[in-house]
Amino acid sequence: MSEAMAAPRPAPMADVAGRTAFITGGANGIGLGIARALVRAGANVVIADIRAESLAEARASLGDDARVETVVLDVTDRAGFARAADAAEARFGKIHMLIGNAGIGIMGPIVDARYDDWDWAMGVNFGGVVNGLVTILPRIRAHGEGGQIVTTSSQSALIPIPFSATYTAAKAAVLGLSEAIRGELASENIGVSAFLPGPVQSNIALSGELRPDRFKSDSGYQTREAELEKRPVSPLWMEADEVGERVLAGIRNNDLYILTHPEFAAGMRKRFDAILASFPDEPINHERAAAIGFLLGNPVFDEELARHSKKEDMAR
Ligand code: NAI
């Protein structure tokens, strides 16, 4: 194959101007930073969030721009999700980008975790992404103009730490889901980016106030949520607007991974080295390898590595 033929296809959303993004959890923090970046770049933005008051504030902060729509949505409400997507399409015609970003901060010792904690954590942080996909992916496929799915995972999916099991389990699921579907959707000109931020200045410590009544009777974490609210937001954490610009760049590039904090690289390498070091010290059975070849790799990783080595070549 010639060099020219091997050139990677352009990113589906290399130009976001005039395209429409549906952002869950977009009324505060990171989601609002992404909304701002997209609006600045000329995209239409539908901000969906469970907090009606924050939506009004977000809208006002965006200058009531004609390219902005807001909709109250609990991402765990599947019928509500379909209605919100209908409203987005009624307003802007088509949805091109799904930013599955709504999330709650939920932490605590595993010995205290009860079903209400697990169900809330998984329902919003993982289920919300799933509901977005099931609702909006068919709509992106139907118009055939291409699109981008961005899923908000977390660095915690890559370096799980103690006292984060419920949060980390959901974020690791989001990451795995995103890596698995990327290759499947490429032929339809739909990109997939897993977004894995480190600490960002946001309202995530206030998540406890969103805990639904149905998850209050059997919770081991609820009492500590008031404590978490007092946790100061460090000015050293990244600002949401900076993060928003990084996500926009990731969309324009169709990056598989959108990372923000290089401080995590050494810890990630150590984790993966620990995993690799745990293989049995045995020779590879090539017959077995051939029989299970489809399990042993995913071209999306080769493509990503090739894109990055090209970047390094260009920088030299
Ligand atoms: P935030 O609390 O400022 O924003 C989250 C938004 O999601 C809020 O507007 C909230 O009302 C909304 N939301 C919560 N539950 C919802 C539901 N059931 N339905 C609809 N909307 C809902 O927090 P932040 O930090 O901006 O979080 C955004 C995403 O980034 C989350 O998925 C979070 O897990 C993730 N993240 C945040 C990091 C940080 O340091 N702030 C680090 C890594 C990941």
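Predicted model: local features only at pLDDT ≥ 70, side-chain atom pairs only at ≥ 80, totals over all residues.
Residues are numbered from 1 along each chain as its sequence is written, and side-chain values use heavy atoms, with hydrogens and water left out.

First, the ligand. The shell around the ligand has 28 residues, each with a heavy atom within 4 Å of it. Ile30, Asp49, Tyr167, Val200 and Ser202 come nearest. By type, the shell holds 13 nonpolar, 11 polar and 4 charged residues; here Ala, Val, Leu, Ile, Met, Phe, Trp, Tyr, Cys and Pro count as nonpolar, Asp, Glu, Lys and Arg as charged, and the others, Gly among them, as polar.

Now pairs of N or O atoms within 3.5 Å. A polar backbone atom of Ile30 is 2.8 Å from an oxygen atom of the ligand. For Asn28, a polar side-chain atom lies 2.9 Å from a ligand oxygen atom. At Ile204, a backbone N or O atom is 3.4 Å from an oxygen atom of the ligand. The ligand alone exposes 820 Å², and the protein buries 96% of that, by the Shrake-Rupley method with a 1.4 Å probe.

Next, strand β4, residues 97-100; strands are DSSP E runs of at least two residues.

β4 runs parallel to β1, residues 20-24, with 3 bridges, and parallel to β5, residues 147-152, with 4 bridges. Leu98 stands opposite Phe22 and opposite Ile149 in β5.

Methods. Polar contact = N/O pair within 3.5 Å; in protein donor to acceptor, adjacent residues only side chain to side chain. Buried < 20%, exposed > 50% of the residue type's maximum accessible area, 1.4 Å probe, protein only. Pairing = 2+ DSSP bridges.
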